[in-house]
Amino acid sequence: MRVAAIDCGTNSIRLLIADVVTREHHPALKDVVREMRIVRLGQGVDATGWLAEAALERTFAAVDEYAALITEHGADRVRFVATSATRDAGNRDVFVAGIRSRLGVVPEVVSGDEEAALSFRGALNAAPGLDPADRVLVVDVGGGSTECVLGTPREVLAARSVDVGCVRMTERHLGSNPPTEEQQAHVLRDVDEAMDVVARTVPLEQTTRLVGVAGTVTTVTAMAMGLKHYDPDRINGTVLDVADVDRACRELTAMTRKQRARLGFMHEGRVDVIGAGALVWRRVVERVARATDGRVDTVTASEHDILDGIGLSLVS
């Protein structure tokens with residue numbers, strides 16, 4: 001069976017076309033096509049509560065490309081999942097109608113909890129050798145929200161989605177690149193408040209392994225690794241010390257826009273929001289390390305995330 005998964009977030013829209021295979025007696029995905037476009041669907045949503053017309057046009061153009069690829073490669077099943085920006089938008093019916101007319105499927109505007117569960121399922125592909133007793137905390141730092149989900153290799157135990165993400169925090173607090181100390185303090189305050197909410201649902205102190213997913217995390221990882229260009233195969237599964245993550249986050253936040261743009265691994269659509277993303281990821285890592293009394297002192301980066309989880313959800 002061949003499946004097609006689309007993840008439409010606040011900053012990017014991504015496509016995975018994959019063949020379903022069996023790996024260690026479990027269904028797995030073998031990539032046929034994996035694409036990503038930065039469309040910034042969530043532009044202004046935090047302030048206005050509406051999807052901007054220009055953002056919808058960018059998103060629909062990307063979906064037209066994806067529809068052609070799905071037809072070309074003959075996917076048997078298609079699932080389109082929309083997350084934070086669309087959950088928040090008052091005109092999401094326009095978005096839903098535009099997607100349905102282009103793909104022939106209704107986009108699912110999933111809850112934060114389901115988003116977290118899908119991210120968890122996809123992320124475990126980058127954490128081999130897990131013990132059944134492990135408590136893995138998967139953190140998905142997105143454009144509009146961050147999902148924290150704790151589970152074992154077999155099941156999700158607890159999950160919470162909170163409204164802090166690289167686009168939302170940039171639009172809400174950061175008026176310059178690099179941001180001022182005061183601007184950074186506002187972001188960190190919001191993240192602390194959000195992690196307080198997470199901690200009431202998710203027992204962070206039980207974490208034995210921390211896995212980060214999505215573009216902010218993988219970009220910070222590329223920075224910490226000193227990569228000259230973006231290399232997903234090298235990034236996927238990389239384990240970094242907490243101190244290395246902290247240093248890379250601080251370096252990215254302190255850069256000007258021009259300095260970030262010159263980094264060979266930096267996608268042009270992340271240049272203006274990676275400072276906020278790095279602040280969010282840095283604080284989340286700090287909070288997990290503190291909650292576990294320093295027992296969690298490394299972070300695993302995963303190139304597999306909600307997109308893979310969407311694909312696997314199509315396998316019955």
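Tutor: Start with strand E7, which is mostly covered: six of its six residues are buried. Buried means under 20% relative accessible area, exposed over 50%, and partly exposed in between, with a 1.4 Å probe and protein chains only. This is a predicted model, in which local features need pLDDT of at least 70 and side-chain atom pairs count only at pLDDT 80 or more, while totals for chains, interfaces and linings use all residues. Residues are numbered from 1 along each chain as its sequence is written, and side-chain values use heavy atoms, with hydrogens and water left out.

Student: Which residues of E7 point one way, and which the other?

Tutor: Thr146, Cys148 and Leu150 point one way, and Glu147, Val149 and Gly151 the other way. In a regular strand the side chains alternate between the two faces of the sheet.

Student: What counts as a strand here, and what is pairing?

Tutor: Strands (E, at least two residues) and helices (H or I, at least four) are DSSP runs, numbered from the N terminus. Two strands pair if DSSP finds at least two bridges between them.

Student: How many bridges join E6 to E7?

Tutor: Six, and the two strands run antiparallel. Val141 has Thr146 of E7 as its bridge partner. A hairpin of four residues leads from E6 to E7.

Student: And E7 with E8, parallel or antiparallel?

Tutor: Antiparallel, over six bridges. Cys148 is opposite Arg160 of E8, and a hairpin connects E7 to E8 through four residues.

Student: What is the order of the strands in the sheet?

Tutor: The order is E8-E7-E6-E9-E11-E10, six strands in an open sheet with mixed pairing. At the edges are E8 (156–162) and E10 (239–241), each pairing on one side only. On average, neighbouring strands are turned by 25° against each other, direction ignored.

Student: Which strands pair in the parallel sense?

Tutor: E9 (residues 209–213) and E11 (residues 298–302) do, over three bridges. There, Gly212 faces Ala301 of E11.

Student: OK, helices. Which strands does H12 lie across?

Tutor: H12 (residues 274–291) lies across E6, E7, E9 and E11, at about 165° to E6. Axes are lines fitted to C-alpha atoms, for helices over the stretch in contact, and angles run from 0 to 180 degrees between N-to-C directions. Contact means heavy atoms within 4.5 Å.

Student: Is H12 enclosed or open?

Tutor: Largely enclosed by the rest of the structure, because 16 of its 18 residues are buried.

Student: New topic: how many salt bridges does the structure hold?

Tutor: It holds 22. A salt bridge is a side-chain nitrogen of Lys or Arg within 4 Å of a carboxyl oxygen of Asp or Glu. One of them joins Arg40 and Asp272, with the closest N and O atoms 3.2 Å apart.

Student: Why does that pair tie together parts that are apart in sequence?

Tutor: Arg40 is in the loop between E3 and H1 and Asp272 in the loop between H11 and H12, so the parts it ties together are 232 residues apart in sequence. Arg40 counts as buried because its relative accessibility is 16%, whereas Asp272, at 24%, counts as partly exposed.

Student: Which residue does Asp192 meet in a salt bridge?

Tutor: Arg283, at 3.2 Å from N to O. Asp192 is in helix H7 and Arg283 in helix H12, 91 residues apart. Both belong to a network of salt bridges that also includes Asp196 and Arg250.
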